[in-house]
Amino acid sequence: MTQNPRMPEPAGTVADAVRGNWVDRFAPAPTRPYLRLSRADRPIGTWLLYLPCLWALALAVLVTGRFDSFAVWIIAGCGIGAFLMRGAGCTWNDITDRDIDGSVARTRSRPIPSGQTSVKAAVIWMIVQALVAFGILITFPPAAIVLGILALLPVAVYPFAKRFTWWPQVFLGLAFNWGALLAWAAHTGSIGAAPVVLYLAGIAWTLFYDTIYAYQDAEDDALIGVKSTARLFGDTARWWLRLFLALTVILFGAAVLLATQDRSVLSLVVALGGPLAMGGHLAWQLHRFDADNNEGLLRIFRSNRDAGLIPLPFFAVAFLV
């Protein structure tokens, strides 16, 4: 009996996209290049942008003792906004990196270097996404609106960071975890110590997962002169990843302590279980880390959606007790 040949990938499929993703399978052909610019075929980035928003809202709810209809809108608005701003940020990244992407095996199939779309069309698409996201932002309190506008600065700088620093992952962390500040301000109307410490925890988490991600491109990056923590750390990666793991758990735990200081001891203990359980997942990732296995690195990176979801049930129970 002969086996059926493997079905060919749809035209324009990006190399590191999930096989059989919804963009390649179901999106109308004219929209695919733009959805690929937004990384809609790779949803993990949206999750990584969204999860700090959910953490911050959950901790803010523990502080205020209030979970109302506007909190539900913050959940929805931050989710839609994360999709749109991640899309706008990735489009900006592809515009600025179009020449670099064409020289890296994993990225040369992206829409601009592969010729699926033009730079002009990408700029228009970026602006459209940002404007729709701004429409959501203005439904939030003034403090959150100001923070949302300020978020454009780290987003704008990040694509250039790998040209001038060995630590571009820090700049990614500054951009990707801004939602921790924004969501807290959206619920409370102000900023306090807890969201700032949570923001720092998110940056440490980003250093952990994006260093793992960067090892996929370390050889190509060295050839074209692009900097990253993966190239900087080399064979010492495990030591650094342990440090980032510890910082993530310690800072996240400190943010929980600040947010629950006026709650019951039981609520505090339950809430602290969130960062600890997340730390267990990160330890599992570190155990599976193999710098020479690109497919394994990508799987570990994608598993951070699950890692970031782990604290939320703990916070929900802490609110109820």
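Trainee: Is the crossing of helix 4 and helix 8 left-handed or right-handed?
Mentor: A word on the ground rules: this is a predicted model, in which local features need pLDDT of at least 70, side-chain atom pairs count only at pLDDT 80 or more, and totals for chains, interfaces and linings use all residues. Residues are numbered from 1 along each chain as its sequence is written, and side-chain values use heavy atoms, with hydrogens and water left out. Helix 4 and helix 8 (residues 152-164) pack at about 35° with axes 10 Å apart, where axes are lines fitted to C-alpha atoms, for helices over the stretch in contact, and angles run from 0 to 180 degrees between N-to-C directions. A crossing is left-handed if the near helix is turned anticlockwise from the far one by less than a right angle, and right-handed if clockwise; the crossing of helix 4 and helix 8 is right-handed.

Trainee: How many charged residues does the contact of helix 4 with helix 8 have?
Mentor: Helix 4 brings Met85, Gly89, Trp92, Asn93 and Thr96, while the helix 8 side includes Leu152, Tyr158, Lys162 and Arg163 (contact means heavy atoms within 4.5 Å). Ala, Val, Leu, Ile, Met, Phe, Trp, Tyr, Cys and Pro count as nonpolar, Asp, Glu, Lys and Arg as charged, and the others, Gly among them, as polar. On that scheme the contact of helix 4 with helix 8 has eight nonpolar and three polar residues, and the number of charged ones is two.

Trainee: Gly77 is also on my list; is Gly77 buried or exposed?
Mentor: Gly77 belongs to helix 4 (residues 69-96), and beyond four places away in sequence it touches Ile136 and Phe140. Buried means under 20% relative accessible area, exposed over 50%, and partly exposed in between (1.4 Å probe, protein chains only). The relative accessible area of Gly77 is 2%, so Gly77 is buried.

Trainee: What about Arg39: what is its phi near?
Mentor: Arg39 sits in the loop between helix 2 (32-37) and helix 3 (44-64), and its 6% relative accessibility counts as buried. Leaving out residues up to four places away in sequence, Arg39 touches Arg86, Cys90, Asn93, Asp94 and Arg110. Its phi is positive in a residue other than glycine, near 60°.

Trainee: Now for another pair: how are helix 11 and helix 14 oriented to each other, roughly parallel or antiparallel?
Mentor: The axes of helix 11 and helix 14 come within 8 Å and cross at roughly 160°. Angles under 35 degrees count as roughly parallel, over 145 as roughly antiparallel, 65 to 115 as roughly perpendicular and the rest as oblique. Helix 11 and helix 14 are therefore roughly antiparallel.

Trainee: How many nonpolar residues are in the contact of helix 11 with helix 14?
Mentor: The crossing of helix 11 and helix 14 is left-handed. Among the residues in contact are Val197, Trp205 and Phe208 of helix 11, and Phe244, Leu251 and Leu258 of helix 14. By class, the contact of helix 11 with helix 14 has no charged residues and two polar ones, and its nonpolar count is 21.

Trainee: Ile250 is in that region too; how far apart are the C-alpha atoms of Ile250 and Gly279?
Mentor: Ile250 is part of helix 14 (residues 237-259). With a relative accessibility of 58%, Ile250 counts as exposed. Ile250 and Gly279 are 29 residues apart along the chain, and their C-alpha atoms are separated by 9.5 Å.

Trainee: At what angle do helix 9 and helix 11 pack?
Mentor: The crossing of helix 9 (residues 168-176) and helix 11 (residues 193-214) is right-handed. The two helices are oblique to each other. Their axes are 8 Å apart, and the packing angle is about 130°.

Trainee: Finally, the whole chain: what radius of gyration does the protein have?
Mentor: The protein has 18 helices and zero strands; helices (H or I, at least four residues) and strands (E, at least two) are DSSP runs, numbered from the N terminus. Buried residues make up 52% of the 321 residues, and the C-alpha atoms fill a box of roughly 60 × 55 × 45 Å along the principal axes. The radius of gyration is taken over C-alpha atoms, and the globule rule is 2.2 Å times the number of residues to the power 0.38. A compact globule of 321 residues would be near 20 Å, which agrees with the protein's value of 20 Å.
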